[in-house]
Amino acid sequence: MTTEKNMELIRRAYTTLEGGGDLEASVELLTENFIVNLPGLPEPVYGREVWKLGAQAMLDGFPDLQIDIEDMFAAGDKVAVRVGFRGTHRGQFQGVPATQRAVSFRSIELYRMEGDKIAEEWVSPDMFGLMQQISEPA
């Protein structure tokens, strides 16, 4: 795939997650042996289901999730994205009960493609900033 097609695939992946999300449509954009690289984990984790669990947790906590692509560029089989997330904390997230607070945070994300699917991700979301927004007293 060309870099433009790779970027369009990532745009489509983000679009499937907004406003409640369509996880089944999202999963179809991933390779069967999808690889997830997360900060704090010593080794990658594998599989569409692992990704789906993480995405579901985010959508459960922030069902009105909105995603803003702030920067995106591609080279070869990789796409890099600076992305902003906004939503309302309407469900439990990371053990914190719903606060009804509006939140926003950013992430730097890198994706690797195989053919017309997303094969691997490295994500670095500002979880500290997000957790501060939902954990601090109002």
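A pocket is defined here, on a 1 Å grid over the protein atoms alone, as an open set of points with protein on both sides within 12 Å along at least five of seven lines, and its lining residues have an atom within 4 Å of a point. The model is predicted, so local features need pLDDT of at least 70 and side-chain atom pairs count only at pLDDT 80 or more, while totals for chains, interfaces and linings use all residues. Residues are numbered from 1 along each chain as its sequence is written, and side-chain values use heavy atoms, with hydrogens and water left out.

The largest pocket holds about 710 Å³ of space, a volume being the space filled by probe spheres set on the points. Its lining comprises 30 residues, with Trp51, Gly54, Ala55, Glu121 and Val123 nearest the centre. Helix α3 (48–61) is among the elements that each supply at least two lining residues, and α3 gives the largest share, 7 residues. By class, the lining of this pocket has 24 nonpolar, 4 polar and 2 charged residues; Ala, Val, Leu, Ile, Met, Phe, Trp, Tyr, Cys and Pro count as nonpolar, Asp, Glu, Lys and Arg as charged, and the others, Gly among them, as polar.

Strands count as paired if DSSP finds at least two bridges between them. β4 pairs in the antiparallel sense with β3 (residues 66–75) over 9 bridges, and Val83 is the bridge partner of Ile69. The β3–β4 hairpin has 2 residues between its strands, and Gly76 in the turn has a positive phi of about 60 degrees. β4 also pairs in the antiparallel sense with β5 (residues 102–114), over 11 bridges, where Gly87 stands opposite Val103.

Methods. Helices (H or I, at least four residues) and strands (E, at least two) are DSSP runs, numbered from the N terminus. On a 1 Å grid over the protein atoms alone, a cavity is a set of points where a 1.4 Å probe fits but cannot get out, and a pocket is an open set with protein on both sides within 12 Å along at least five of seven lines; lining residues have an atom within 4 Å of a point.
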